[in-house]
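Please open the model in your viewer and keep the selection tool at hand.

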Amino acid sequence: MITSPNPLRVLILGAGSGIAQATARLYAAEGATVGLAGRNVERLAVIAADLKARGAAATESFDVDFTATDAAATLAGMVAKLGGLDHVILAYGVLGDQALADRDEAAAMAIIDVNFRSAAAWTLAVANLLERQGKGSLVVLGSVAGDRGRRSNYVYGAAKAGLAVLVQGISHRFRGVGPRAVIVKPGPTDTAMTAGMAKGGPMWVTPEAVAAVVRKAADSGGPVVYAPGRWWLIMAIIRNIPASIFNKMNF
Amino acid sequence: MNGFAPRDDIMPWSRTPRTRMEVARPAFPDELAPLAMQGADLPRGLLAGGLQRSYGDSCINDGGALIEMTGLDRFICFDRTSGLLEAEAGVSLAAILKLVIPAGFFLPVTPGTKFVTLGGAIANDVHGKNHHRAGTFGRWIRSLSLLRSDGREHTVSDDDASGLFAATIGGLGLTGIITRATLQLMPIASSNMAVETIPFGNLAEFFALSAVSDASHDYTVAWIDCLAKGDLLGRGIFTRARHASDGVLRVKPPGGPSIPIDAPGFLLNRFSIAAFNEVYFRLAGRARQSTMSYDPFFYPLDAIGNWNRMYGPRGFYQYQSVVPPEVAAEVTAEMLRAISDARQGSFLAVLKTFGDMTSPGLLSFPRRGTTLALDFANRGGPTLWLLDRLDAIVREAGGRLYPAKDGRLPPAMFRAGHPALDQFTTHLDPGMSSTFWRRMTP
């Protein structure tokens, strides 16, 4: 356990996700103060106990429905409780049911609502806060699904694509100002979000592997980071496959 | 939300048999009770599973339900003064070591792999090279919580009068789902081990070395060349060790080579095993002392991911017995002669003396005496014939076999070796089952 006199203060939005928990454990082992925001306070308490045992200086749990809360005001309250803020990880999202979204406008809009509208509101609120304080890091979880639309998850992918452009823009806006903003795009990850999918293939990675990329992205690296890094090459190829061929492919 | 889904890729560590089960992997403790009730309603009931390091069929529930516990891997409380650690059952011993070594603690008892869960270590009441000093893993469990398939959770401590604690330690997951446990850790001054290796020429020398070393050292174990015959029968290399006092508390970084595919069967024949044994024995040469990290000392095979694939697609059999001390010398010699006669060598022939620290568990494997652990590539008939012969020797001696290591342990042998079986059965959770249990109780 490393406990520095001024432990890092990190806020995790959507702390119950598999990648969020694995990331929080890395911060806890560094002796950070960790803020956990999510909708299930009992589960946040279970996560908080784990992080304390692993060496977190302190934890704070925040009961938040991200889609139904005024981001800026709620964020200000959290920062006050944490005594300041160094890193923010935005990790919440829903995969949704694409087949349902194809025929049901409400289902499609619900996916966009969580993954883009709400996430964008929180991202912008964090960006404004970091800009005011002139330092700090914002890491937003995107997805390789946002790099090219395909029939099995394009509504989710579209929302993540929008979020990626937003974060890229914030990174541009931060140039010369002090804070940093990064979009991390994981490939398929073995978490509760993907429960029920067959995970035999070599493309699947653990939440711990993605967490290591997220933690590093908060300290260094470009505004767009793939997790693991090989997805940069894979997606560069996939983006450049002509539609005449791509649309015949079955994946 | 996490529900059950059919899967056929989960198998025991020996890679045989292949299975099909309804599998769920909960991420939070509140998901467990509904899943347990749902799974217990299936015709073949429910089993909780961990990292599937049991060799035989005690960790699978073919045609039934399995709850994968590895998503429930959180620490609940770690007291860095007293060394008491409370954690969810799905946490691995590797994760525990990573947390507790820098704080100056170690597992009080550890098996030969760190890739087992806390729940699995309890359900199999695992033992280590320090059995003569520390007994089994279960002796260090102060309390545990057990979710029964009726949805109710019981927390029982080591002074539990109901008998549920004793039934659950070594209870092969059949008394309910172990959800969390409190473990008493052991203080250490260093993550290094002071290790001594001493070659010995025959079984008599082993027993003499063992008696002396068990009195002086925390950890003792011997590797045996089980193809040696005649005067050399039972020759091997004795290892004894203590935790060092040099003050370094360092966790080994993860990673290492992995065996990605099944090795072709011809790589493992009696010639290659004989050559391996000869080279290994000669390399040890003379007695030597060294200091090494805890990791290669306790977990040499963990460095090779999927080492079980070395045995090829037909898999292999592990065989571990314990026989009473009064007859240990002659019975061990008889077993080694049987193996040597059958010309079926084993890479991993391990001999160790268990001490008189009684296991709390009703079905626990370790008892006072001498334990021999072997693995044999699966060559079908001849291999099974040899194992039957070893069974007869062990049974005649009043010994028993280790269910966690054995996928073909005959029901009569299991009953003969575990006199507390009837007492155990009264604590069985009616919703829980396993392929092993159905085989034992047809």
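A residue is called buried when its relative accessible area is under 20%. The model is a predicted one. Select B:Phe297 to apply the cut-off: its relative accessibility is 7%, and therefore B:Phe297 counts as buried.

**Stop 1: chain A as a whole**

The C-alpha trace of chain A spans about 60 × 40 × 35 Å along its principal axes. For 251 residues, a compact globule would have a radius of gyration near 18 Å, and the 18 Å of chain A agrees with this. Of the 251 residues in chain A, 49% are buried. Among the contacts in chain A with a separation of 6 or more, 74% are between residues 24 or more positions apart. Now switch to a surface display: the accessible surface of chain A is about 11,100 Å², and 58% of that area belongs to carbon and sulfur atoms.

**Stop 2: where chain A meets chain B**

Show both chains together. How many residues of chain A are in contact with chain B? There are 14, and they touch 16 residues of chain B. The size of an interface is often given as the accessible area lost when the parts come together. Here chains A and B bury about 1,300 Å² between them, with 53% of it on carbon and sulfur atoms. Select A:Arg43, A:Val46 and A:Ala53, the residues of chain A that lose the most area to chain B; together they make up 39% of what that side buries.

**Stop 3: helix α2 of chain B**

Select residues 93–100 of chain B, which form helix α2. This helix is mostly covered, as six of its eight residues are buried. The buried residues are B:Leu93, B:Ala94, B:Ile96, B:Leu97, B:Leu99 and B:Val100. Which elements cover them? The cover includes α2 (41–53) of chain A, together with β5 (75–79), β6 (84–88), β7 and α8 of chain B.

**Stop 4: aromatic rings in chain B**

Over all chains, a search of the whole structure finds 17 aromatic pairs. Select B:Phe106 and B:Phe298 to see a tilted pair, 5.3 Å centre to centre with 35° between the planes. B:Phe106 belongs to strand β7 (residues 105–106) and B:Phe298 to helix α8 (residues 294–298), so the pair ties together parts of chain B that are 192 residues apart in sequence. Both B:Phe106 and B:Phe298 are buried.

Because B:Tyr219 lies in strand β13 (residues 219–224) and B:Phe297 in helix α8, the pair joins parts of chain B that are 78 residues apart in sequence. B:Tyr219 has a relative accessibility of 2% and therefore counts as buried.

**Stop 5: charges over rings**

Select A:Arg148 and A:Phe246. The charged end of A:Arg148 sits over the ring of A:Phe246, 3.9 Å from the ring centre. In chain B, select B:Arg74, which lies over the face of B:Phe28 at 4.5 Å from the ring centre.

**Stop 6: B:Thr383**

End at B:Thr383, in helix α10 (residues 381–396) of chain B. Is B:Thr383 buried or exposed? With a relative accessible area of 0%, B:Thr383 is buried. Leaving aside residues up to four places away in sequence, B:Thr383 touches B:Tyr317, B:Gln344, B:Phe376, B:Ala377 and B:Asn378.

Notes: Residues are numbered from 1 along each chain as its sequence is written. Chains are lettered from A and ligands numbered from 1 in the order in which they are written. This is a predicted model: local features need pLDDT of at least 70, side-chain atom pairs count only at pLDDT 80 or more; totals for chains, interfaces and linings use all residues. Side-chain values use heavy atoms; hydrogens and water are left out. Rings of Phe, Tyr and Trp (its six-membered ring) pair if their centres lie within 6.5 Å; planes under 30 degrees apart count as stacked, over 60 as edge-to-face and the rest as tilted. Helices (H or I, at least four residues) and strands (E, at least two) are DSSP runs, numbered from the N terminus. Buried means under 20% relative accessible area, exposed over 50%, partly exposed in between (1.4 Å probe, protein chains only). A charge sits over a ring if NZ of Lys or CZ of Arg is within 6 Å of the ring centre and within 35 degrees of the ring normal. The radius of gyration is taken over C-alpha atoms; the globule rule is 2.2 Å times the number of residues to the power 0.38. Contact means heavy atoms within 4.5 Å. Accessible areas come from the Shrake-Rupley method with a 1.4 Å probe; for residues, only the protein chains shown count as cover. Buried area is the accessible area (1.4 Å probe) that two parts lose on being put together, summed over both.
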